[in-house]
Amino acid sequence: MSMRPIGEDDVQGFVDERLSPARRREVEAYLGDHPEAQARVARMIALRDDMRAAFAPIAAEPVPARLNLARIVEVRRRAVRPAWQVMAAGVLLLLGGAGGWGLREAVSPVPSGIDALAQAASMNYAVYAPDHTRPVELAAADRDELAGWFSARLRRTVGVPDLSGAGYRLMGGRLVATPQGPAGLLMYDDSHGARFVMLMRPMTVPGDAPMRPHATATSNGYAWAQDGLGYSLAGAADPAVLHPLADTIRRATAKSL
Amino acid sequence: MTDMMRLIEPLIPALRRYARALLRNPTDADDLVQDCLERAVGRWHQRRPDGDARTWLFAIVHNLAVTQLRQRARRGAHLPIEDTAEVSLAVAPTQESGLRHRDLMSALDALPEEQRSVLLLVTVEGLSYAETAEILAIPAGTVMSRLSRARDRMILLMDGTEATAPAKRALLRRVK
C-alpha cells in the first residue's frame with residue numbers, strides 16, 4: 001500500500017478532527033511510530049480543549065437587550081425617515097444656528113407646567129434607561145416601599161401602576177431632582193427589554209391638565225396632570241405604543257385616587 | 001425579514017464570543033456586535049443570496065474588530081490585562097486554574113492578530129478551514145500555515161518550550 005506522506009496540514013486536521021476516517025487512521029498509525037510528533041499533537045489537542053473551555057461561558061451568557069435583533073430591526077425601521085423630514089430638520093438647524101445664543105430664550109423658553117414635566121421625564125429617560133448597571137434604585141420587589149417612599153417625598157399619596165396587562169413589567173424606581181422639587185421615576189420594560197419611564201410630581205397649580213404628546217431626539221412621550229399631580233411617560237417606542245400606555249396609567253391612577 | 005431573524009439570531013452568542021476574544025473588553029465587544037447587527041440588518045438584501053449567513057456575519061465582526069484594534073494600537077492605549085473582565089477572571093475557582101487561564105489569555109494576546117483570528121475561528125468557533133479562509137479573505141493554504149504557527153507559538157509561550165520537536169526541527173538537526 002503506497003500512502004501519501006503525512007504533512008503538517010494532516011497534523012492540524014487531526015487536531016481539529018477534520019480528516020476523513022481513512023486519513024485519520026493513517027495519521028494515527030504515523031503518530032504511533034513517532035512519539036515526538038505524538039506528544040506535540042497531544043499538547044495541541046489539550047490547547048484546543050483549554051481554549052474552547054475558556055471561551056465557552058461567553059456564548060452561554062444571556063444576550064444583552066441591546067443586541068436583541070427584533071429591537072434593532074424596529075429602531076432601524078423608525079430611523080428611516082422620508083427625505084422631506086430630513087430636509088426640514090436641516091432647515092430648522094440652519095435657522096437655529098442663525099438665531100444664535102441670544103435668541104435662545106425666545107426659541108426655547110424655560111418650560112413650565114406640563115412642558116417642564118415632559119422635559120424632566122425625557123431627560124431622566126435619556127440618563128437612566130440606557131443604564132445597565134443600576135437603572136433603578138429600588139427594585140420592583142419593593143413595590144409598597146416604592147409607593148411609600150414616593151408618597152412621603154412628594155407629600156401626597158401616589159400609587160405604582162401595574163402594567164403587566166399591557167405587557168410591561170415594573171423594573172423599579174428612584175427619586176429624581178427637578179427644578180420644581182423631587183419627582184418619583186418608575187421604569188418599566190417589555191419582554192424585548194424595551195424600557196420606558198414614568199415620572200410623577202405635584203404640580204404648582206392644582207387641578208387637571210389634558211394629555212399632550214412630546215418628543216425629543218431620543219424619546220417620545222405623553223404628559224398630563226390629574227388632581228394636581230403631574231405624570232409624564234417617556235420612551236423610545238412609537239407614540240402609537242406609548243399613547244395607549246399613557247391612557248392605561250391615567251385610568252389606573254384615577255381609580256386609586 | 002423573518003428569514004433574516006431566523007438565520008442571524010442563533011449566531012449572536014458566537015459573534016459576541018469572537019468579538020470578546022479579539023477585543024477582550026466586554027463592553028467594546030458588545031458595542032461591536034451591535035454595530036455588526038445594525039449593518040447586517042441594513043445590508044441583508046446586499047449579501048450574496050447563495051452566501052452563508054455565518055461566514056458573512058463573522059467577516060463583518062472580524063473587519064470591525066481589526067479596524068478597532070488598529071485604532072487602539074495607533075492611540076497606544078488599552079492594556080487588556082487591566083480590563084475588568086481580566087480582573088474578574090483572575091478570581092477563578094482555584095488559584096491554579098486561574099493562573100492557567102491567565103497564561104492562556106496572555107499567550108493569545110501575544111500572538112500576531114492574523115494568527116489569533118485563525119486559531120479562534122477554527123478552534124473556538126468550530127468553523128471549517130474553507131469558511132475561515134472566506135471570512136478572512138485569505139487562501140486556504142494561508143489558513144493552514146497560520147494555524148500551525150499559532151499553535152506552536154501558543155505552546156512555546158505557555159510552556160516555555162516547544163511542544164517537543166515538530167518535524168521541521170528534526171530536519172534542521174540532521175542538517176547540522
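Good morning. Let me begin inside the sheet of chain A: in strand β6(A), Ala225(A) is the bridge partner of Ala209(A). What I present today is a predicted model.

That bridge belongs to a pairing between β5(A) and strand β6 of chain A, residues 220-226, which run in the antiparallel sense and are joined over five bridges. The pairing is part of an open sheet of seven strands in chain A, with antiparallel pairing and the order β1-β2-β3-β4-β7-β6-β5. Two strands of chain A stand at the edges, β1 (138-139) and β5 (209-215); each has a single partner strand, so one side of each is left without a neighbour in the sheet.

Helix α7 of chain A, residues 113-128, packs on this sheet. It touches β2 (169-178), β3 (181-189), β4 (195-202), β5, β6 and β7 (229-235) of chain A, and its direction makes about 40° with that of β7(A). A further helix of chain A, α8 (residues 143-154), lies across β1, β2, β3 and β4 of chain A and runs at about 20° to β2(A).

Met211(A) is placed in strand β5 of chain A. Is Met211(A) buried or exposed, or does it fall in between? A residue needs 20 or more C-beta neighbours within 10 Å to be buried, and 12 or fewer to be exposed. Met211(A) has 18 inside 10 Å and therefore counts as partly exposed. Beyond its neighbours within four places in sequence, Met211(A) is in contact with Tyr222(A), Trp224(A), Ala246(A) and Arg250(A). Of these, Arg250(A) lies 39 residues away along the chain, with 9.3 Å between the two C-alpha atoms.

I now turn to chain B. Its secondary structure comes to ten helices and zero strands. Of its 176 residues, 32% count as buried. Among the contacts in chain B with a separation of 6 or more, 61% are between residues 24 or more positions apart.

How many residues does each chain give to the contact between them? Chain B gives 34 residues and chain A gives 29. On the side of chain B that touches chain A, the elements giving two or more residues are α1 (2-8), α2, α3 (26-42), α6 (95-110), α7 (113-124) and α9 (140-159) of chain B. The residues of that side divide into 21 nonpolar, six polar and seven charged.

Two helix pairs across the interface deserve attention. Two packed helices are described by the angle between their axes and the distance between the axes.

From α3(A), the contact is made by Phe55(A), Ile58(A) and Ala59(A); from α2(B), by Pro13(B), Ala14(B), Arg16(B), Arg17(B), Arg20(B) and Ala21(B). By class, this contact has six nonpolar, no polar and three charged residues.

In the second pair, the axes of α3(A) and α9(B) come within 10 Å and cross at roughly 85°. These helices are therefore roughly perpendicular to each other. Here Arg43(A), Met44(A) and Leu47(A) of α3(A) meet Arg151(B), Met154(B) and Ile155(B) of α9(B). The residues of this contact divide into four nonpolar, no polar and two charged.

Thank you.

Notes
Residues are numbered from 1 along each chain as its sequence is written. Chains are lettered from A and ligands numbered from 1 in the order in which they are written. This is a predicted model: local features need pLDDT of at least 70, side-chain atom pairs count only at pLDDT 80 or more; totals for chains, interfaces and linings use all residues. Two residues are in contact if their C-beta atoms, placed from the backbone, lie within 7 Å. Helices (H or I, at least four residues) and strands (E, at least two) are DSSP runs, numbered from the N terminus. Ala, Val, Leu, Ile, Met, Phe, Trp, Tyr, Cys and Pro count as nonpolar, Asp, Glu, Lys and Arg as charged, and the others, Gly among them, as polar. Two strands pair if DSSP finds at least two bridges between them. Axes are lines fitted to C-alpha atoms, for helices over the stretch in contact, and angles run from 0 to 180 degrees between N-to-C directions. Angles under 35 degrees count as roughly parallel, over 145 as roughly antiparallel, 65 to 115 as roughly perpendicular and the rest as oblique.
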